[in-house]
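Thanks, everyone. Have a look at the model first.

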Amino acid sequence: ERRRVGFEILAVIGVAFLELIGLLVLMDTEKMAMAYDLSPVQFVAKAAIFGGLAVIAMVLAIHSFDPAAKRVEAVLIAMVSGTLVLSAIFFDLMPSNGVLNSIEPMSGMYCAAAVASLSLPVTLVLCVLMAQGATTQPRRSCLLAGLAGGAFGAFVFALQCPYTSFWYLAVWYGGGLAVICAFSALVLPRFIRCW
């Protein structure tokens, strides 16, 4: 059966849009405004970096469902490298009160859990779409689905998170992303084979 790539893209965008609208309705707009007022450039950069990462990873994931998909790894490496470079440009690499204080462990654990939780709808929709495709590398496709979902979860959470320290973002946002990517790459391919 011929793939409907347009439908796949619309399905993922639809789920992401519904999740975003639902969360914006529940989100504390005063907290969002306060986070923006603390450091507007870093706040916008944080949302833009994670939002861009989510879009690129989603396109890569859908592209990887094709058995003839090429250049996925090269684009993935470029995408991760670009994210790190942009983060180094926009966020302070020198912690003012030490790395441990910049990490904020009490808030950070909640952040990592929220990023991982918010990533699940997009990740699972991509994996369902992958199961209907003909990927020859399900682990790679699931990893990309997890990266797309994780980056989207980070984008949504970033809209109300006041922290913009490079170290905080690297440890907690990166930790949430790593957990969902590992789960997607190691666990989801087994379930997809059963479908």
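What lines the largest pocket, by residue class? In this predicted model, the lining divides into 13 nonpolar residues, 3 polar and no charged. That makes 16 lining residues. Nearest the pocket's centre lie Phe50, Thr83, Leu84, Gly174 and Leu177. The space inside is about 330 Å³.

Which elements give two or more residues to that lining? They are H3, helix H4 (72–90) and H8. H8 gives the most, with 7 residues.

Now the rings. The structure holds 8 aromatic pairs. Take Phe50 with Tyr173. Their ring centres are 5.1 Å apart and the planes meet at 15°. Stacked means planes under 30 degrees apart, so this pair is stacked.

Why does this pair tie together parts that are 123 residues apart in sequence? Because Phe50 lies in helix H3 (residues 40–64), while Tyr173 lies in helix H8 (residues 166–186).

Are these two buried or exposed? Phe50 is buried, at 9% relative accessible area. Tyr173 is buried too, at 0%. The cut-off for buried is under 20%.

The pair also belongs to a cluster. Phe50, Tyr110, Phe157, Tyr163, Tyr168 and Tyr173 make up one aromatic cluster.

Arg4 places its charged end over the ring of Phe7. The distance to the ring centre is 4.9 Å.

That's it from me.

How values were computed. Residues are numbered from 1 along each chain as its sequence is written. This is a predicted model: local features need pLDDT of at least 70, side-chain atom pairs count only at pLDDT 80 or more; totals for chains, interfaces and linings use all residues. Side-chain values use heavy atoms; hydrogens and water are left out. Rings of Phe, Tyr and Trp (its six-membered ring) pair if their centres lie within 6.5 Å; planes under 30 degrees apart count as stacked, over 60 as edge-to-face and the rest as tilted. Helices (H or I, at least four residues) and strands (E, at least two) are DSSP runs, numbered from the N terminus. Buried means under 20% relative accessible area, exposed over 50%, partly exposed in between (1.4 Å probe, protein chains only). A charge sits over a ring if NZ of Lys or CZ of Arg is within 6 Å of the ring centre and within 35 degrees of the ring normal. On a 1 Å grid over the protein atoms alone, a cavity is a set of points where a 1.4 Å probe fits but cannot get out, and a pocket is an open set with protein on both sides within 12 Å along at least five of seven lines; lining residues have an atom within 4 Å of a point. Grid points are joined across faces, edges and corners, and a volume is the space filled by probe spheres set on the points. Ala, Val, Leu, Ile, Met, Phe, Trp, Tyr, Cys and Pro count as nonpolar, Asp, Glu, Lys and Arg as charged, and the others, Gly among them, as polar.
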